[in-house]
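Hi everyone, thanks for making time for this.

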Amino acid sequence: MILKKRIDNLIERLSINHNFSFYSSCLRIFVCFYLAKDILLNKQFHVALFKGGDHLMQREAPWLSLLGISNQLISDNIGIFNIVYLLLIVLFFFGVGKNFVALLLFLFLDASQSLTSVILNGGDNYLKFIMLYLVFMNSYEYFSMNKQRFKSAELNSFNTFLSNLAGYSICIHLCLIYFVSAIHKIHTDVWFNGVATYYTFSSERFGGTNAINQMMAKNGVLVTLTTYGTILIELFYPVLVWFKETKLLFIYAAIALHFGIAVIMMLYDFQLLFIVVQGMFISNMFWLSKIEVLKKKKWMQKILFTKKETQTVSVE
């Protein structure tokens, strides 16, 4: 009975307020730019990816297989596929079609990744899950053509409940990624012995800043600190990021870690995605309070006043 009561109380709390209303909208905008960027960048590899033979197409999207659509058919019509894909991204960007468009976009993302599986990374895998979570999330409170509202109070409560579950799923998924990565590192000799980053700094492939990389590789203290520091961040982040006292410390540490990887190892996309998702751990009240402070700025008031004045003149 006690457990049931606690579960009921939890469901009730998750059904009252959307805890990710602002930042989920920001995440939606970011995902749209991220997906559009992938389409434009992958265009230069079209010949290699789609004309190189079936050996480059390692899997087929399940939903396409159910419809009898092969990867080869899509690759032969990749231009049309990308046009529809971009159209869905634009609709999702403006919040048109809401969760239905989000579902279609997820399916197109899955199909796109099945065609380009040879150039995917861990960030792309997490991105697909983020898009799946956004299918169930109300990310249209801000930066959208209109908000998502239902006539039924029960539906609005259920929508809020699903949105909160999806938001926490994004956060928990990130924690699992860090934890699994840390466990894997602990069981790897070079990480366990504290010398893993030496090989990274010394590698020509990851020479983002050649002079700094070589300097760090020759410094035994920095090698040890960066190796064990990475493990400690990934190992304790999944637990301590949920506590108010340690939340910001580990968010800043994670951002510093990913920023350092981007600069030193030239792995940009992967790191940018993980940096942006850190904002999901910041409370909704914090973001909304910053918006209120921003609205009080003189330059923002001029923009808002001009916009309001223009609307009044147009009505008259």
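**A walk through the helices**

By contact I mean heavy atoms within 4.5 Å. Helices here are DSSP runs of H or I with at least four residues, strands are runs of E with at least two, and both are numbered from the N terminus. Buried means under 20% relative accessible area, exposed means over 50%, and partly exposed is in between, with a 1.4 Å probe and protein chains only.

A word on where this comes from. This is a predicted model, in which local features need pLDDT of at least 70 and side-chain atom pairs count only at pLDDT 80 or more, while totals for chains, interfaces and linings use all residues. Residues are numbered from 1 along each chain as its sequence is written, and side-chain values use heavy atoms, with hydrogens and water left out.

Now the overall picture. The chain has 17 helices and 0 strands. Of its 316 residues, 40% are buried. If you take contacts between residues at least 6 apart in sequence, 75% of them join residues at least 24 apart. The accessible surface comes to about 18400 Å², and carbon and sulfur atoms account for 70% of that; these areas come from the Shrake-Rupley method with a 1.4 Å probe, and for residues only the protein chains shown count as cover.

Back to α14, which covers residues 244–265. Which of its residues are buried? They are Thr-246, Lys-247, Phe-250, Ile-251, Ala-254, Leu-257, His-258, Ala-262, Ile-264 and Met-265. The expected span of a helix is 1.5 Å times one less than its number of residues. For the 22 residues of α14 that gives 32 Å, and the end C-alpha atoms are 32 Å apart, which agrees. Just after this helix, Met-266 takes a positive phi of about 60 degrees.

That brings up backbone angles. Most residues other than glycine have a negative phi. Lys-98 is not a glycine, yet it has a positive phi of about 45 degrees. Lys-98 sits in helix α7, residues 98–115, and is buried at 13% relative accessibility. Phe-143 also has a positive phi, of about 55 degrees. You'll find Phe-143 in the loop between α8 (122–135) and α9, where it is partly exposed at 47% relative accessibility.

Let's turn to helix α2. It has 22 residues and reaches 32 Å from its first C-alpha to its last, close to the 32 Å expected. Is α2 mostly covered or mostly open? It is mostly covered, with 17 of its 22 residues buried. The side chains of Ser-21 and Asn-284 are joined by a polar contact of 2.8 Å. A polar contact is a pair of N or O atoms within 3.5 Å; within protein, one must be able to donate a hydrogen and the other to accept it, and residues adjacent in sequence count only if both atoms are side-chain atoms. Leu-40 also lies in α2, but this residue is exposed, at 59%.

Finally, the aromatic rings. Rings of Phe, Tyr and Trp (its six-membered ring) pair if their centres lie within 6.5 Å; planes under 30 degrees apart count as stacked, over 60 as edge-to-face and the rest as tilted. How many aromatic pairs does the whole structure hold? The search finds 22. In one of them, Tyr-23 and Trp-287 have ring centres 5.2 Å apart and planes at 25 degrees, so the pair is stacked. Tyr-23 lies in α2 and Trp-287 in α16 (residues 284–295), so the pair ties together parts that are 264 residues apart in sequence. Tyr-23 is buried too, at 11% relative accessibility.

There is also an aromatic cluster, formed by Tyr-126, Tyr-178, Tyr-237, Trp-242, Phe-270, Phe-274 and Phe-281.

A charge sits over a ring if NZ of Lys or CZ of Arg is within 6 Å of the ring centre and within 35 degrees of the ring normal. Lys-98 lies over the face of Tyr-140, at 5.5 Å from the ring centre. Likewise, the charged end of Lys-185 sits over the ring of Trp-191, 5.0 Å from its centre.
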